[in-house]
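Please read these notes with the model open beside you.

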Amino acid sequence: MLWYLGRYLQDAFDFGPARLLQSYAVLISVSLYLGFFCALKLLPKFYNLLPHDRGREFALASTSEAAKGKPTGAGVVFISFFVLVCLLCVPMTGLELAAVAFTWLTMLSGFLDDRSVTSWGEYLKGALDLILSAAFTAIMYYFLSKFSEDGAVRFWFPFVTNPVAIPFWLYMIVGTVLLWTSINTTNCTDGVDGLSSTLILVALMALGIIFYVVLGHVDIAKYLLVPHLKTGAAWGIMTFAMAGTLMGYLWHNAFPSSVLMGDAGSRALGFFIGACVLVTGNPFILIATSLVILLNGGTGLIKVALLRFFKIKIFSNVRFPLHDHVRKNLGWSPTQVLLKFLIIQLLVTIFTLGIFFKIR
C-alpha cells in the first residue's frame, strides 16, 4: 500500500519526498519496526482472550509444568500483525500474497488446536500440514513457471554452476517435503522459553539479507552465479516484517516467559521459513538457516516414525527433542540451551552460506 501510495503522490502531485515510500530500504525499516512495536505493545492486551497451556504430553516434566496455565496461541496475534504489516509495506504480486495467506492459514490450523479442549492428534495435524504444503508448492510452481522465459522452473545448487530445470512432479515432492518438515521441526523445537523464536529470528535475518542483498541485486547475483530474483526486495521486506513481529513476541517470551506462541505460532513460522527457502531456488538453504531446528526436532520425528511404523529402535538413550535431552541428561539450564544452540546455528549459518554462494 505504501509503495503504491508513493508512486501515486509522485505521479499525481509531483511530491518528491514520496519517493521514499518506494525505497525498499525504507520499507524494510518500516516493516521491521512497525511489526516489533505492534507485537511489543499490543500482544499483552490479548492475554485474557488467548487459551491457556494444558501442559505437553511428551515434554520434560519441569518444562511442561512451567508452561502450564500460561496464555498460549499468541501466534494468532503476531502472525496477524505480520499479515497487516505486509499488506501495508510490501508491493505484492500473486506469489507473495499466496505466501502471506498460507502462512495465516497454517497459523489458523495451529490456533484451532491450541484452543481445542482435546488435542487434534498427530495424524490430523500432520495431514493438514501436508495439504497446505502441497497446495502452496503447486501454486508456487505455477507462478514461477508463468514468469519464467521458457516456462521452466529451476533450482540452483552449491558446487554446480548452472541452474537445473526441475519437472513438476519432482518440484512437488521436494517442495511439499521441505515445507512439511520445516513446519513440524519448528513445532517440535518450541519447548524452551525463547529457543524456537531466537533460532527462527536468525533464519529470518539470514533470508532477509539473501533476498535483498544477493538474489534481489542484479549485479551481485550475476557475480555469484545465482539466478536474479526480481521480487527479491519484496521478499526481503516480508522476512523483516516477520522478524519484527517475532522480536516483539520474543520480548514477552524470554525466560521466564509470560506468553507462549503455541502451534499457532510455531507452525506458521515453520511454514514461512520453508516458503522463503523455496523462493530462493535452493532447497539446501534450509540447512544453512535451520540446521539446529532440523536436528532438534527432526531426529525425534524420525525416531518415532521408525519405531511406530517399522518397529526399528534408534537413539534409545537419547531423549527428543534434543533440548529436553541436554536439559535432563547434561543438566543445561534454559539459558544455556538457548545460548549454545544459538551459537551453533550462527556458526553453521555463516559457514554454509559462504560455501553455498562462493563455491559455484
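1. In which helix does Ser-197 lie? Ser-197 belongs to helix α8, which covers residues 195–215. Helices here are DSSP runs of H or I with at least four residues, strands are runs of E with at least two, and both are numbered from the N terminus.

2. This is a predicted model, in which local features need pLDDT of at least 70, side-chain atom pairs count only at pLDDT 80 or more, and totals for chains, interfaces and linings use all residues. Residues are numbered from 1 along each chain as its sequence is written, and side-chain values use heavy atoms, with hydrogens and water left out.

3. Is Ser-197 buried or exposed? Ser-197 counts as buried because its relative accessibility is 0%. Buried means under 20% relative accessible area, exposed means over 50%, and partly exposed is in between (1.4 Å probe, protein chains only). Leaving aside neighbours within four places in sequence, Ser-197 is in contact with Leu-246, Tyr-249, Leu-250, Asn-253 and Met-261; contact means heavy atoms within 4.5 Å. From C-alpha to C-alpha, Ser-197 and Thr-186 are 9.4 Å apart in space, and they are 11 residues apart in sequence.

4. Thr-239 is placed in helix α10, residues 232–253. Thr-239 has 0% relative accessibility and therefore counts as buried. Thr-239 and Cys-276 are 37 residues apart in sequence, with 8.2 Å between their C-alpha atoms.

5. How many disulfides does a search of the whole structure find? The search finds 0, where a disulfide is a pair of cysteine sulfur atoms within 2.5 Å. Cys-38 is in no disulfide, and the nearest cysteine sulfur, that of Cys-89, is 9.8 Å away. Cys-86 is in none either: its nearest cysteine sulfur, also that of Cys-89, is 7.9 Å away. Cys-86 counts as buried because its relative accessibility is 0%.

6. The second largest pocket holds about 910 Å³ of space. Its lining has 28 residues, and Leu-144, Phe-147, Ser-148, His-228 and Leu-229 lie nearest the centre. Two or more lining residues come from each of α5 (94–115), α6 (122–147), β1 (153–155) and α11 (262–280). A pocket is an open set of points on a 1 Å grid over the protein atoms alone, where a 1.4 Å probe fits, with protein on both sides within 12 Å along at least five of seven lines; lining residues have an atom within 4 Å of a point.

How values were computed. Grid points are joined across faces, edges and corners, and a volume is the space filled by probe spheres set on the points.
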